[in-house]
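This briefing goes through a predicted model. Please have the sequence and the coordinates open while reading.

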Amino acid sequence: MRARAVELSGLTKAFGDFVAVDGVSAVALPGQVTALLGPNGAGKTTTLRMLLGLVAPSGGTATFDGKRYDELSEPVRQVGALLEASGCHPGRTALAHLRILATAARLPREAPERVLEETGLAADARRRVGEYSLGMRQRLGLAAAMLGDPSVLVLDEPTNGLDPPGVRWLRGYVRRLADEGRTVLLSSHALSEVELTADHVLVLTHGRLLRSSTLAEFRAEAGVGSRVRTPDPHRLGAALDAAGHAYRLVDDGLAVDAPPERVGELAAAHGVVLHRLEGTADLEQAFFRLIQGTDQVAQPESTQEAVS
Amino acid sequence: MKALVLAELLKIRSTRTQVALVLATLAFVPWTAALTIPKKGAENVPVSLDDPRLLGVAIGNSFGAPIVLMLLLGGVAFTQEFRYGTVTSMYLVEPQRIRILVAKWVTLVLVGGVVATLTLVVSVPFSAALIGFRDGEVSLGVTFWEMVAAGFVVMPVFGVIGVAIGALVRNQITAVVAVLVWMLALEQLVISSYPEVGRWMPGATSFVLLQMGPSVDPDGELLSASAAGLLLAAYTAVAVALALRLTPKRDVL
């Protein structure tokens with residue numbers, strides 16, 4: 001298996017006057033999980049569909065090691081994709097669905113059973129997909145993506161419908177695939193969903209690429225808060241209040257919206273003993289600030305709900 | 001191509017809808033065949049009990065419901081992919097969409113052969129028995145063999161047209177309603193009310209080829225068999241050409 005890099009170059013899609021994707025250029029490398037982030041309607045799905053040849057770009061290119069998807073000799077063995085959890089006839093069993101794809105792609109007969117085992121669906125292989133939960137259908141979509149044991153994975157909102165154990169399983173699964181040397185490009189509308197998995201983030205909003213950086217860079221820039229453990233949280237809280245810094249009590253101390261140096265100075269000035277002081281990075285807030293910076297309307301749904 | 005056709009056949013076998021449609025249609029076959037077999041002593045009938053063409057005409061008429069079935073099966077073969085989102089995974093497996101389109105046509109040609117066979121398996125013994133029961137003439141003459149041959153041509157052709165309709169319309173409900181309204185209401189109405197227009201319609205060509213003329217066109221205003229055959233070929237070519245042209249270009253959102 002030789003992993004391929006995914007390259008988007010000036011990728012553009014216009015539907016009439018509406019520009020859904022506007023000149024996006026980015027790279028996803030082998031051995032890494034690259035997260036395409038953005039609020040709903042940012043153009044993530046359209047970008048991935050152009051990459052996979054399902055939507056014709058108005059401009060630019062999307063390639064796998066320089067080849068368009070329709071130029072790949074055995075696409076299913078080279079690229080696996082999960083685009084919609086509902087992409088299966090509800091009257092078919094999961095096994096029948098995968099056998100159809102395996103037959104069409106000339107894959108070995110045992111491929112469906114292998115991926116059903118990998119995705120934890122082996123026991124439900126002969127149940128009709130209409131009886132599946134959304135999370136099970138999402139796993140089935142992943143199974144279909146892995147059918148050809150591809151070197152590149154393209155996953156559109158793969159955590160949709162998964163329960164917390166399912167999300168944890170997916171994180172481990174995706175991480176393992178990247179550690180095996182595969183290229184993983186996945187989309188999400190929430191940074192918190194990918195911050196434990198992704199190596200690189202591409203932030204998209206209103207069809208434009210706002211940011212392309214490693215998660216470590218993003219985390220370093222976002223490091224604005226502190227976590228403090230003290231035997232006297234109320235005195236420290238009063239000092240923070242007086243200095244105009246917001247804080248909240250958490251399990252083992254205080255979470256403060258100020259850098260650790262400032263908190264340390266205030267504690268020293270007021271003679272408050274500290275047992276622990278560390279900087280924290282609120283990546284989600286940093287992500288929201290980034291996308292809100294371009295347009296106040298471009299808030300993710302969760303933020304809009306929190307505001308209202 | 002063989003792999004894609006095998007996958008299409010697996011699709012048909014792995015859901016109940018298509019099998020249920022075929023069985024429901026076969027239930028209509030004896031009824032439509034019986035419509036052309038007159039009762040004893042009946043007068044002013046298109047084909048009399050002692051006419052040696054009677055078995056052939058009954059067989060031709062029995063293909064009336066299967067024609068609609070083939071259009072539906074062809075249409076559903078594509079619209080179902082869009083309805084359930086499976087078109088995405090098929091286009092990922094085979095990004096050359098025309099190959100998928102051709103695989104569906106090949107599959108529907110094969111299915112057309114199966115449907116024609118099943119129709120004959122039901123209609124021939126039933127019609128022969130009913131004609132014999134009414135003391136008519138059971139003859140395996142030229143008309144009979146013409147109808148058998150026509151069935152094996154017309155069924156696959158309507159399957160091919162159905163696939164093209166599905167590829168062009170994409171919305172399953174729209175495609176199914178359009179086929180049913182067109183074949184069961186509009187064409188029947190136009191042929192009976194305005195035969196000079198109706199004779200040029202696609203369904204009318206099948207009526208000619210399957211010699212349903214005596215039952216649907218007592219005044220003989222439909223086209224000749226050769227003209228109807230050419231016209232059906234032209235309709236098929238146009239549908240195929242449009243599907244080939246538009247399918248590779250359309251976005252799958």
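The notes below cover the helical chain, the sheet of its partner, the helices on that sheet, the domains and the interface.

The model is predicted, and local features are described where pLDDT is at least 70. Chain B has 12 helices and 0 strands, whereas 6 strands of chain A form an open sheet. The two chains touch through 28 residues of chain A and 27 residues of chain B.

**Chain B**
- Along the sequence, chain B reads α-α-α-α-α-α-α-α-α-α-α-α.
- Its radius of gyration is 19 Å, close to the 18 Å given by the globule rule for 253 residues, so chain B is as compact as a globular protein of that length.
- A box of roughly 65 × 35 × 25 Å along the principal axes holds the C-alpha atoms of chain B.
- Of the 253 residues in chain B, 46% are buried.
- Among contacts in chain B with a separation of 6 or more, 81% are between residues 24 or more positions apart.

**Sheet of chain A**
- The strand order in chain A is β5-β6-β7-β3-β8-β9, with mixed pairing.
- β5 (79-82) and β9 (208-214) of chain A are at the edges with a single partner strand each, so one side of each has no neighbour in the sheet.
- From one strand to the next, the twist averages 15°.
- In chain A, β3 (residues 33-37) and β7 (residues 183-188) run parallel and are joined by 5 bridges.
- A:Val33 stands opposite A:Val184, which belongs to β7(A).
- Strands in a sheet pair through backbone hydrogen bonds, in either a parallel or an antiparallel manner.

**Helices on the sheet**
- Helix α1 (residues 44-51) of chain A lies across β3, β6 (152-156), β7 and β8 (200-205) of chain A, and runs at about 145° to β6(A).
- Helix α5 (residues 134-145) of chain A packs on the sheet and touches β5 and β6 of chain A.
- The direction of α5 in chain A makes about 165° with that of β5(A).

**Domains of chain A**
- Chain A is divided into domain 1 (6-213) and domain 2 (224-280).
- The centres of domain 1 and domain 2 of chain A, taken over C-alpha atoms, are separated by 43 Å.

**Interface between chains A and B**
- Contacts link 28 residues of chain A with 27 residues of chain B.
- On the chain A side, the elements giving two or more residues are α2 (75-78) and α3 (94-104) of chain A.
- The largest share of that side, 6 residues, comes from α3(A).
- By class, the side of chain A that touches chain B has 17 nonpolar, 6 polar and 5 charged residues.

How values were computed:
Residues are numbered from 1 along each chain as its sequence is written. Chains are lettered from A and ligands numbered from 1 in the order in which they are written. This is a predicted model: local features need pLDDT of at least 70, side-chain atom pairs count only at pLDDT 80 or more; totals for chains, interfaces and linings use all residues. Helices (H or I, at least four residues) and strands (E, at least two) are DSSP runs, numbered from the N terminus. The radius of gyration is taken over C-alpha atoms; the globule rule is 2.2 Å times the number of residues to the power 0.38. A residue is buried if 20 or more other C-beta atoms lie within 10 Å of its own, exposed if 12 or fewer, and partly exposed in between; C-beta atoms are placed from the backbone. Two residues are in contact if their C-beta atoms, placed from the backbone, lie within 7 Å. Ala, Val, Leu, Ile, Met, Phe, Trp, Tyr, Cys and Pro count as nonpolar, Asp, Glu, Lys and Arg as charged, and the others, Gly among them, as polar. Domain bounds come from an automatic or database domain assignment. Two strands pair if DSSP finds at least two bridges between them. Axes are lines fitted to C-alpha atoms, for helices over the stretch in contact, and angles run from 0 to 180 degrees between N-to-C directions.
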